[in-house]
Amino acid sequence: MKKGKGITILCIVLICILGLGYYASIILSPTGRGENQNIILGLDLAGGVSITYQIVDGDATAEEISDTVYKLQKRVEDYSTEAVVSKEGSDRINVAIPGVTEANEILEDLGTPGSLEFKDPEGNVVLTGDDVVDAQPGYVDRSGSKMAVVDLTFTDEAAEVFADLTGNNIGKIVPIEYDGEVISTPRVDAKITGGRAVIENMDSYQEAETLASQIRIGSLSLELEELTSQVVGASLGEEAIATALTAAAIGLGLIIVFLIAFYWIAGVATTLGLLTYSTLVVAIIYLFEITLTLPGIAGIILGIGMAVDANVVINARIKEELALGKSTGAAIKAGYQKALSAIIDGNVTTLIAAAVLAAKGSGTVKGFAYTLAIGIVLSMFTALVVTRYSMYAIHAIGFKDVKYYGAAKEHKVIDFISKRYVFFLISIVVIAAGFIGEGVNAAGGKGAFNYSLEFVGGTSTTVDLGKNYELAEIDSEIVPLINSTLGTAEVQVQKIADSTEVIFKTRNLDLQEREQFAQIFTDHYSVDANTISYQNVSETISKEMTSDAIWAVAIAVVLMLIYIWFRFNDFRFASSAIIALLHDILVVITCYALVRISVGSTFIAVMLTILGYSINDTIVTFDRIRENMKSKARVTKDELAEIANKSITQTLSRSINTSVTTFVMVLLLYILGVASIREFALPLMVGVISGTYSSVCIATELWFEMKIHQRTSSKDVKKKVNKTA
């Protein structure tokens, strides 16, 4: 690359960073500039609309209510991936949709859930809303022009019934009724099999949207009617956002200083890529209208860690090539070539997890998956394009001396393999301590884990304080009074917009505790106890949502196992990587059990973050083992141990550097964040440490153990064959 071209590239990169930085500052500012210039924030960060529905059927079973809550959850995710649906009392359902303030518009768009029926020409009900899986508006091409349609998907059981219905009524109208009113009169052109159907002859796409919405909401198990709607404030408040942004800014600053100090010119190029990544993440989240919550922030943190990691892998490779005597230009080129496989494999495995979580998960799991996927794609782009060409450009303008990059020093190979049983024992003891702690807690009546309101529900109490208190004042003044009076550690607070009412959510309160709760406000805030209202609320993370998350993680792990097996052509690499991943998850669960950290929606985010972080860390080491074994046709046990130890030692500085940068980001969140953020940051720090430990001390050692065990078994078989012969 010529000097003039290098200067041009650097100017373009700097202009892009400045432009994206200015754009990001507008998006992240408290008020934004112009219309809708802020990222959509979730209920925990910004509040939204809360709608309460009354169940019309007084004889509804628990199963029907649970089914309705789950289906409604899926419906409202069209408005926001972070929407929350929960049961209130025995006959109400609450819907909370973040990032919106116009309750009437939401109600009009969402519609009132009612009964949906598909009838034959004689008026007999053949199918109901329960038989509909989904309904979406779309277009089909008819004679060269686009026509608006509604695409229907039925359950497997209903597919055969629908096939019979259409087969017996070809050329006839099959009306669709909603609450007794005909909303569509599609004509059957042919027998429809396979459980998919298209309703045509829509006057406009808007009409198709309306019909699809009515069909989706009509597939609920129970009929609902709107009871109340209100705008609620954030549960974490502006302070949580401010501290998270402050922590991110300070963390990025410290990471940049570290990168430049450790890698010199390569660190400068990495900084340009990291700044591009950080500003692009903000822009993409805004442009794709992704709702950002605390779990979403976890995805961004992991993305920053992976963005740094990709560059650390590359920079370490460049220093190794320089140590071999190559010129800086040749070292940069070789460094990128040799680091490419590790970067791709690490990011693809994590991207597989993100894709599965986005497809199969719900609620906060989807939000996490979207931000994680964005982070992965952008981290690869900035590392392989922005940082790469920035480094070539800096090299071209005159920084060609080896002293600007620093050649890697020869490090003595550390014998990790011989200590593998010690490492295994340490892990077993730590994980066993977690199981023992769970058992002791359960036996003591405290429960194996400290489940939060999201998992177990509680009591929602609405109090009119007669004065507009700031959320920070409520947290510092009122919440401690509630904690000391009721002996409870968890109190969730939400303000109702344009009023002096505040909602306090606590564990389930009996009659005596409700009286004690009311006494707090009558004594300290002159509130009339008769105006205080109580409502039992169910968990917001339902069994179905938990099941979705578990299945999503299980599928993701299986797919990652298959991918690693395929890429490394060795099942032992894949299985040891997955075992190391499960090890990290169990270590973090031990932290939750022993420290009694509240297990809520952030618990899922933490587990998913560890899922991505751990597997990426392990693959970098495995990639080096694969490379070091290429020149070896057959190796002895001692040679195998030497290769394993050499590979771990070669990637050790990278493991430490990546972990330090990620740990710093999370540590700052813990130090600067509010209580809820600290509960999220502490187990995440444990996960980062465990992920580093498992990649260095567990994963490769497991692979080695499997490798030599197979060899021993093979030798035994050969001996038996020879003996027989």
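A nonpolar core is a set of buried Ala, Val, Leu, Ile, Met, Phe, Trp, Tyr and Cys residues joined through side-chain atoms within 4.5 Å. Keep that in mind as you explore this predicted model.

**Exercise 1. Get to know the chain.**
Task: Find how many helices and strands the chain has, and what share of its residues is buried.

Solution: 
- Start with the secondary structure: there are 20 helices and 17 strands.
- Next, turn to burial: 53% of the 725 residues count as buried.

**Exercise 2. Explore the cores.**
Task: Work out which residues touch the most other members of the largest nonpolar core.

Solution: 
- The largest nonpolar core has 68 residues, and Tyr592 and Trp703 touch the most other members.
- Now follow Trp703: beyond four places away in sequence, its contacts include Phe573, Phe622, Ile625, Met629 and Leu640.
- A second, separate core holds 53 residues, among them Ile27, Ala307, Ile318 and Leu322.

**Exercise 3. Classify one residue.**
Task: Decide whether Ile199 is buried or exposed, and list some of its contacts.

Solution: 
- Locate the residue: Ile199 lies in strand 10, which covers residues 196-199.
- Apply the cut-off: buried means under 20% relative accessible area. Ile199 has a relative accessible area of 5%, so Ile199 is buried.
- Look around it: leaving aside neighbours within four places in sequence, Ile199 is in contact with residues including Val149, Val150, Leu152, Ile176 and Leu211.
- For a distance, take Val188: 11 residues from Ile199 in sequence, its C-alpha is 9.4 Å from that of Ile199.

How values were computed:
Residues numbered from 1 in each chain as written. Predicted model: local features only at pLDDT ≥ 70, side-chain atom pairs only at ≥ 80, totals over all residues. Heavy atoms only, no water. Helix = DSSP H or I, 4+ residues; strand = E, 2+ residues; numbered from the N terminus. Buried < 20%, exposed > 50% of the residue type's maximum accessible area, 1.4 Å probe, protein only. Contact = heavy atoms within 4.5 Å.
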